[in-house]
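Hi,

Here is the structure I promised to pass on.

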Amino acid sequence: MNKKDDLRVIKTRKLIYQTLLELMKEKTFEEIKVSDICSKAMINRSTFYAHYEDKYELLVEFLNDLKEEFKNQLDKNSKNLNNREYYIELIKLFLEHVESKKEIYNSILINNRNSIMMDIILSVVNNELLTRINNEQRNAKVPNEIIAKFYLGGVIYMGITWLNDSSKYTKEEMIEYLSVLIPDNF
């Protein structure tokens with residue numbers, strides 16, 4: 001059996017992930033020590049180091065897993081939609097992903113203001129937008145990269161705004177308002 005498929009390894013890694021998330025609610029990532037993680041998870045330091053070289057490797061793996069989940073959710077966005085429908089669907093998928101992982105996003109983006117996480121999200125959405133725009137036959141008055149960055153700002157900022165105060169507007173209201181603002185073509 002592969003070490004990564006071992007149930008004990010999976011459980012221990014999940015425990016370490018959850019502990020990191022809980023600690024990030026209380027303090028910034030920079031303030032968290034490996035000893036804090038081990039103490040709260042009730043594991044030995046040797047157990048932690050059997051799985052991770054340091055807390056940064058844990059964070060990178062944690063963020064990569066979150067990135068993969070988000071990429072998989074974006075793959076649901078149908079390629080047969082017109083640009084307007086595509087963009088609205090992209091925002092909807094992003095808000096759904098944020099909602100399903102709200103605790104994680106609150107800990108990473110709001111409580112910790114983690115630029116690594118923001119860079120990963122920006123990269124995933126930017127790549128999705130560029131792929132879509134590059135596959136379109138369009139008038140080249142504005143470079144594809146500029147178009148992608150413009151819409152990227154809207155997607156990310158709307159997600160963070162909603163995450164900061166989801167009681168002000170529902171996800172459905174956000175989508176409805178954006179559908180009024182988004183033009184038919186990029």
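This is a predicted model: local features need pLDDT of at least 70, side-chain atom pairs count only at pLDDT 80 or more; totals for chains, interfaces and linings use all residues.

Lys-40 pairs with Glu-26 in a salt bridge, with 3.2 Å between the closest N and O atoms. Lys-40 sits in helix H2 (residues 34-41) and Glu-26 in helix H1, so this pair ties together parts 14 residues apart in sequence.

Another salt bridge joins the side chains of Asp-36 and Lys-27, at 3.3 Å from N to O. Asp-36 is partly exposed, with a relative accessible area of 21%, and Lys-27 is partly exposed too, at 26%.

Then there is Arg-13, whose side chain meets that of Glu-61 in a salt bridge (2.6 Å, N to O). Arg-13 belongs to helix H1 (residues 7-26) and Glu-61 to helix H4 (residues 55-74), so the pair links parts that are 48 residues apart in sequence. Arg-13 counts as buried because its relative accessibility is 18%, under the 20% cut-off. The count of salt bridges comes to 6.

Now the chain as a whole. You'll find 9 helices and 0 strands. Of its 186 residues, 41% count as buried. The chain exposes about 10800 Å², and carbon and sulfur atoms supply 50% of that. Among contacts with a separation of 6 or more, 66% are between residues 24 or more positions apart.

Cheers

Note on methods. Residues are numbered from 1 along each chain as its sequence is written. Side-chain values use heavy atoms; hydrogens and water are left out. Helices (H or I, at least four residues) and strands (E, at least two) are DSSP runs, numbered from the N terminus. Buried means under 20% relative accessible area, exposed over 50%, partly exposed in between (1.4 Å probe, protein chains only). Contact means heavy atoms within 4.5 Å. Accessible areas come from the Shrake-Rupley method with a 1.4 Å probe; for residues, only the protein chains shown count as cover. A salt bridge is a side-chain nitrogen of Lys or Arg within 4 Å of a carboxyl oxygen of Asp or Glu.
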